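Here are my notes for you on this one, point by point. Keep the 3D view open and click on each residue as you go.

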Amino acid sequence: METPFTENALLGERVRLMQPRKGYRVAVDAVLLAAAVEAHAGERVLDLGAGVGAVALCIASRVAGCHILGIELQADLAALAERNAVLNGMNERVRTIVHDLAQPLPAGIAAFDHVVTNPPYLAAAAADPSPDRSKALATVESSAGLARWLEVATAALKPAGTLTLIHRSDRLDEIATQLARLGWGALAVKPLPPAARVLVQARRADAPTRRTSPPLVLHRPDGGYTAEAEAILRHGEPLAF
């Protein structure tokens, strides 16, 4: 009998992941984003838009001793994230709560060393949402737009912390403008060709700067992953800016 979930694996079977059979499914973006977070043992990481916990579990698998809190709007996905933490034996270090980012964060959720996020890529005004409500919420901005996501992310960081996000490359200038307004305009940018996406890492700064590092090319001409991408996606190597 077909179940509503599938069990999949990430990082060459290091991470096991239950996720809905239909609707939004975890893609390589989550693994790339997790690999770009410069976390260390003993540090605290906040994952905004945690979904079923893929980013948090990939970070926890790579960085022993760090603690990750996920925030997710959809209660059913947050429940799966909690189950996935147990499934991977990481529930003492990885937690997920239900919260709408349009509202202030619950008391006591602040002062993180790192914030990581994969916001919905599409602005509501320009999107044709999926008929699947869960997938639409994951891919199209709803109660909280991009500016709000970045406000919440930067407000939760320690002064020396980092914000790491993945987003559409055609929204990079919008991201840079918003982060400069918030005082977090020192940006390192990593293009991900042929995908029209970029990784962005932001730090606090008095004046905005932008450094673009060499791209991470994801695919060979034959369609397979490049050796550099394979090292990150299959073998858990960190992704350097």
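1. Start with Ala 111, which sits in the loop between β5 (94-98) and β6. This is a predicted model, and in it Ala 111 has a positive phi of about 60° although it is not a glycine. For background, most residues other than glycine have a negative phi. Is Ala 111 buried, exposed or partly exposed? Its relative accessible area is 38%, so Ala 111 counts as partly exposed.

2. Now hop to Leu 11, in the loop between β1 (5-10) and β2. Here too phi is positive in a residue other than glycine, with a value near 55°. Leu 11 has a relative accessible area of 5%, so it is buried.

3. Pro 194 belongs to the loop between β8 (186-191) and β9. As a rule, most peptide bonds are trans.

4. Next, the charges. The whole structure has 11 salt bridges.

5. Asp 170 and Arg 168 form a salt bridge with their closest N and O atoms 2.6 Å apart. Asp 170 is exposed, because its relative accessible area is 55%, while Arg 168 is partly exposed at 29%. Then there's Arg 171 with Glu 174, at 3.0 Å between the closest N and O atoms. Arg 171 is buried at 9% relative accessibility, and Glu 174 is partly exposed at 35%. Salt bridges with shared partners also link Arg 148, Glu 151 and Arg 181 into one network.

6. On to the greasy parts. The largest nonpolar core has 45 residues, and Leu 32, Ile 59, Ile 68, Val 94, Leu 199 and Leu 239 have the most contacts inside it. Elements giving two or more residues to this core are β2 (15-20), α1, α2 (54-62), α3 (75-87) and α7 (227-233). Which of them gives the largest share? That would be α2, with 7 residues. Zoom in on Val 94 and you'll find that it touches Ala 56, Leu 57, Ala 60, Ile 68, Glu 82 and Ala 85, leaving out residues up to four places away in sequence. Apart from this core lies another one of 29 residues, including Leu 101, Leu 179, Trp 184 and Val 189.

7. Have a look at helix α5 (residues 146-155) as well. Its buried residues are Leu 146, Trp 149, Leu 150, Val 152, Ala 153 and Thr 154. What do they pack against? The answer is β3 (44-48), β6 (112-117), β7 and α6 (172-181).

8. Gly 161 lies in strand β7 (residues 157-168) and is buried, because its relative accessible area is 3%. Setting aside residues up to four places away in sequence, Gly 161 touches Asp 113, Trp 184, Ala 202 and Arg 203. Asn 118 is in the loop between β6 and α4 (133-139), and it counts as buried at 18% relative accessibility. Beyond its neighbours within four places in sequence, Asn 118 contacts Tyr 24, Asp 29, Leu 33, Leu 48 and Ile 166.

Definitions and conventions: Residues numbered from 1 in each chain as written. Predicted model: local features only at pLDDT ≥ 70, side-chain atom pairs only at ≥ 80, totals over all residues. Heavy atoms only, no water. Helix = DSSP H or I, 4+ residues; strand = E, 2+ residues; numbered from the N terminus. Buried < 20%, exposed > 50% of the residue type's maximum accessible area, 1.4 Å probe, protein only. Contact = heavy atoms within 4.5 Å. Salt bridge = Lys/Arg side-chain N within 4 Å of Asp/Glu carboxyl O. Core = buried A, V, L, I, M, F, W, Y, C linked by side-chain atoms within 4.5 Å.
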